[in-house]
Amino acid sequence: MKIDNLALELCKGQVGTICEAVSEFIQDDVSEYRGRLHPIKEFETCAEEAGLSYLLMMSKSSDLKIALGYELRDTWTLIESGESAELSIDKILGENPDLFILSDPIDGSKANIQTYRTENYGKVVFGGPSLVFSTAIAFKQDNPTLDGAVACAMQDWDGRTFYSDKKSARIGVGKEEIGKPKMYQIEELDQVLKIYFGEHYFHGAIVGNFIREKLLDGLELEEWKSLGVRATGSTTAEILRSVDTKAISLDLRNEFRLALEGFGRTANRGCYSYDLAPPCFYAKQAGLTVLDPVSGENLNFELTNYNRYSYFVAPKSKVSDLILGVVQDEVIPGLNELAAKHYQKFPKI
């Protein structure tokens, strides 16, 4: 089997194995805690171990040397012939692996999943399992970028899978493929169109409100045409909404972070490469534009560096261009003033 075809199989197997491992996520009473008290936190270790075990098993039969990276881990794991070793990325590159897999075992932990086990009805799920994903993206050492990636897969806790190679993007339920994503056209500004902002926390809400105000002014929307807005707390879910619904997904928190640093302050949140890479790669293969909102150029970045980025993901249309124009002309230039107004609310660097 060619390495590119095997890469897609490994990504799909990785996310499927992880989702199965955490499927017994049971809590009697779930509240949204942060840090070590977060209800999903205890399952992150289980998810990481499951993903590693799967790749260890596959390495025995594939004869591949695989480098596995998990979100924000200081080290990567080198996998070969059923054995593994944790190494720095510099040492990993020195080993020249056949394939790299960057994975976020649980993306969307802010979705407030609640599950209960009852004597008569088994497991009952409340909350948003469609917002929690296991994700993986595969790339090679000779082009370790978003554009150079060869495959990706994402599976949500409802069992839907979204996966792609360089040829096409597809949707499945579990292991069964059901088709390609439908491309929705955005032909006019109306209330059917949704915009997804990355604004789950206070500093994100500040940016989101600022974007809304500028869009209302710049687009001169009548109330009955006002666009819908959403914020789910899941980067993967929000970007995928641009693929399977009439929606645009954007996140400018990194630009606000940079503006805050000009005042000696910081905001720690934003979208990292491991958050963005799988859904952005998928969106590109589905035919959407995935842009750096500052330059308006194709969004591309290194996958071996855990840096933060802003993004603008949308179907190709004049409406998308119009909204991006307001973002570039009105929103981004105003972020320095917004940071000056609110910087005292954030801790010093």
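Modeller: Helices (H or I, at least four residues) and strands (E, at least two) are DSSP runs, numbered from the N terminus. This is a predicted model, where local features need pLDDT of at least 70, side-chain atom pairs count only at pLDDT 80 or more, and totals for chains, interfaces and linings use all residues. Residues are numbered from 1 along each chain as its sequence is written, and side-chain values use heavy atoms, with hydrogens and water left out.

Biologist: Which element gives the most to the lining of the second largest pocket?

Modeller: That is α1, with 6 residues. The elements giving two or more lining residues are α1 (3-21), β8 (151-156) and β9 (160-165).

Biologist: What makes a space a pocket?

Modeller: On a 1 Å grid over the protein atoms alone, a pocket is an open set of points with protein on both sides within 12 Å along at least five of seven lines; a cavity is a set where a 1.4 Å probe fits but cannot get out. Lining residues have an atom within 4 Å of a point. Among those of the second largest pocket are Lys-12, Glu-20, Gln-155, Tyr-163 and Lys-175. The volume of this pocket is about 260 Å³. That is the space filled by probe spheres set on the points, which are joined across faces, edges and corners.

Biologist: How does the lining of the second largest pocket divide by residue type?

Modeller: Into 3 nonpolar, 6 polar and 3 charged. Ala, Val, Leu, Ile, Met, Phe, Trp, Tyr, Cys and Pro count as nonpolar, Asp, Glu, Lys and Arg as charged, and the others, Gly among them, as polar.

Biologist: Why is Ser-134 called buried?

Modeller: Buried means under 20% relative accessible area, exposed over 50%, partly exposed in between (1.4 Å probe, protein chains only). Ser-134 has 0%, so it is buried. It lies in strand β7 (residues 133-139). Contact means heavy atoms within 4.5 Å. Beyond its neighbours within four places in sequence, Ser-134 has contacts including Val-15, Asp-104 and Met-154.

Biologist: And why is Ser-81 called partly exposed?

Modeller: Its relative accessibility is 48%, so it counts as partly exposed. Ser-81 sits in the loop between β2 (76-80) and β3 (83-87). Its phi is positive, near 55°, though Ser-81 is not a glycine.

Biologist: Why is α5 called largely enclosed?

Modeller: In α5 (residues 235-244), 9 of the 10 residues are buried, so the rest of the structure largely encloses this helix. Among the buried ones are Thr-235, Glu-238 and Arg-241.

Biologist: What makes a nonpolar core?

Modeller: It is a set of buried Ala, Val, Leu, Ile, Met, Phe, Trp, Tyr and Cys residues joined through side-chain atoms within 4.5 Å. The largest has 41 residues, and Trp-76, Ile-137 and Val-313 are among those with the most contacts inside it. Helix α7 (residues 273-285) supplies the largest share of this core, 7 residues. Apart from it lies another core, of 33 residues, including Ala-259 and Val-319.
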